[in-house]
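Let's walk through this fold together, one question at a time. Keep the viewer open as you read.

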Amino acid sequence: EEKFISLTDCVTTLIMLSRYEVLIPLLQEAIEHTKDNRGHKGVLLSFLAECNGDISTCQESLDYLSGSTYVDMYHSTKCMLANLYKANGEILKAIEMYKQVCDYYVIENSQSSVYRNALMSLGEIYGDMGDYAASNDYYKQILNLLANDKKSPSYVLTFMRWFPIYAKYSA
């Protein structure tokens, strides 16, 4: 487990540095040698999907992460898949994925950043579609989650994104 944590720290650093030419072969090698731990393999596949933007790798990652202890990574990967669908113009599939993530975190009564990101993405999509009522609702859910810390960067960012939607919704 300690080696895996070190590997994921290294992967995260390489992603932040955009060193994909080094990272992708490293991930492929690590995935090939990760046989016994489905959760670890799912995490590595998720990182690979983030690097190459491949929907099938993202779906494979979800298959491995399903039922593992990496619950936030599973839902974060669902958001990544939704982002890929959105980028490919498959808006309804993206909405479905984001809503699945939100449904999980509502049940868990969570403050997770993954949940807030899914809500933010839904707010953006519905705003882009001109459905300001739905967009407004998603942004307000985030603001309610962050209401105890109105000086946090997350609250300020959400407020800045929400206010133009609110102005259109209220007009």
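This is a predicted model: local features need pLDDT of at least 70, side-chain atom pairs count only at pLDDT 80 or more; totals for chains, interfaces and linings use all residues.

## Helices and how they pack

Residues are numbered from 1 along each chain as its sequence is written, and side-chain values use heavy atoms, with hydrogens and water left out.

Q: What share of the residues of the protein chain count as buried?
A: Buried here means under 20% relative accessible area, with over 50% as exposed and partly exposed in between (1.4 Å probe, protein chains only). The C-alpha trace spans about 55 × 35 × 30 Å along its principal axes. Of the 171 residues of the protein chain, the buried share is 43%.

Q: Among contacts in the protein chain between residues at least 6 apart in sequence, what percentage join residues at least 24 apart?
A: A contact is a pair with heavy atoms within 4.5 Å. Counting pairs at least 6 apart in sequence, the part that joins residues at least 24 apart is 47%.

Q: How far apart are the end C-alpha atoms of helix H3?
A: H3 covers residues 38-52, which is 15 residues. The expected span is 1.5 Å times one less than the number of residues, so H3 should span 21 Å. The model agrees, with the end C-alpha atoms apart by 21 Å.

Q: Which helices do the buried residues of H3 pack against?
A: H3 is largely enclosed by the rest of the structure, because 12 of its 15 residues are buried. Among them are Val-43, Leu-44, Phe-47 and Cys-51. The helices they pack against are H1 (2-16), H2 (20-33), H4 (55-65) and H5 (71-87).

Q: Which residues does Ser-46 touch, not counting residues up to four places away in sequence?
A: Ser-46 is found in helix H3. Its relative accessible area is 3%, so Ser-46 is buried. Leaving out residues up to four places away in sequence, Ser-46 touches Ser-61, Met-73, Thr-77 and Met-80.

Q: Is Tyr-85 buried or exposed?
A: Tyr-85 lies in helix H5. Not counting residues up to four places away in sequence, Tyr-85 touches Ile-55, Gln-59, Glu-90, Lys-93, Ala-94 and Met-97. With 8% relative accessibility, Tyr-85 counts as buried.

Q: Which way do H7 and H8 run relative to each other, roughly parallel or roughly antiparallel?
A: Axes are lines fitted to C-alpha atoms, for helices over the stretch in contact, and angles run from 0 to 180 degrees between N-to-C directions. The axes of H7 and H8 (residues 132-145) come within 7 Å and cross at roughly 160°. Angles under 35 degrees count as roughly parallel, over 145 as roughly antiparallel, 65 to 115 as roughly perpendicular and the rest as oblique. H7 and H8 are therefore roughly antiparallel.

Q: Which residues of H9 meet H7?
A: The axes of H7 (residues 113-128) and H9 (residues 153-170) come within 11 Å and cross at roughly 20°, so H7 and H9 are roughly parallel. From H7, the contact uses Arg-116, Met-120, Glu-124 and Gly-127. On the H9 side, the residues are Ser-154, Thr-158, Arg-161 and Ile-165.

Notes:
Helices (H or I, at least four residues) and strands (E, at least two) are DSSP runs, numbered from the N terminus.
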